[in-house]
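Hello,

Here is the structure I promised to pass on. Please have a look at it first, and then read my notes below.

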Amino acid sequence: MYICICKAVTDSQIQTAINDGINTRKALHQCLGIGSDCGKCNRHVRELVNKNNVPTGAIQAII
Ligand code: FES
């Protein structure tokens with residue numbers, strides 16, 4: 001599914017980038033160009049980033 005229509009970027013492409021360590025909205029913008037035109041995708045990108053980022057404290061609690 002397309003998340004950023006302006007740059008023709010799909011959720012799969014964003015997920016792959018996040019899995020490769022590009023895990024901030026700013027970094028995704030720099031890498032894929034998303035969010036720079038109309039900005040309508042920013043909310044969805046933020047949701048994907050938040051879904052995939054585990055707070056540092058939670059990792060420390062597991063360890
Ligand atoms: S939909 Fe992503 S910048 Fe327009």
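Two residues are said to be in contact here if their C-beta atoms, placed from the backbone, lie within 7 Å. Please bear in mind that this is a predicted model: local features need pLDDT of at least 70, side-chain atom pairs count only at pLDDT 80 or more, and totals for chains, interfaces and linings use all residues. Residues are numbered from 1 along each chain as its sequence is written.

Let me start with the overall layout. The protein has two strands and four helices, in the order β-β-α-α-α-α along the sequence. Both kinds of element are DSSP runs numbered from the N terminus, with helices being H or I of at least four residues and strands E of at least two. Of the 63 residues, 14% count as buried; that label takes 20 or more other C-beta atoms within 10 Å of a residue's own, while exposed takes 12 or fewer and partly exposed lies in between, again with C-beta atoms placed from the backbone. Among contacts between residues at least 6 apart in sequence, 46% join residues at least 24 apart.

Next, the core. The largest nonpolar core has eight residues, namely Ile-3, Cys-4, Val-9, Ile-14, Leu-28, Ile-34, Cys-41 and Val-45. A core of this kind is a set of buried Ala, Val, Leu, Ile, Met, Phe, Trp, Tyr and Cys residues joined through C-beta atoms within 7 Å. Val-9, for one, is in contact with Ile-3, Cys-4, Ile-14, Leu-32 and Ile-34, if its neighbours within four places in sequence are left aside.

Now to Val-49, which lies in helix α3 (residues 42-52). Is Val-49 buried or partly exposed? Val-49 is partly exposed, because 18 other C-beta atoms lie within 10 Å. Apart from neighbours within four places in sequence, its contacts are Ile-18, Asn-23, Thr-24 and Arg-25.

Ala-8 has a positive phi of about 55° although it is not a glycine. Ala-8 sits in the loop between β1 (2-4) and β2 (9-10), and this residue is exposed, because it has 12 other C-beta atoms within 10 Å.

Best wishes
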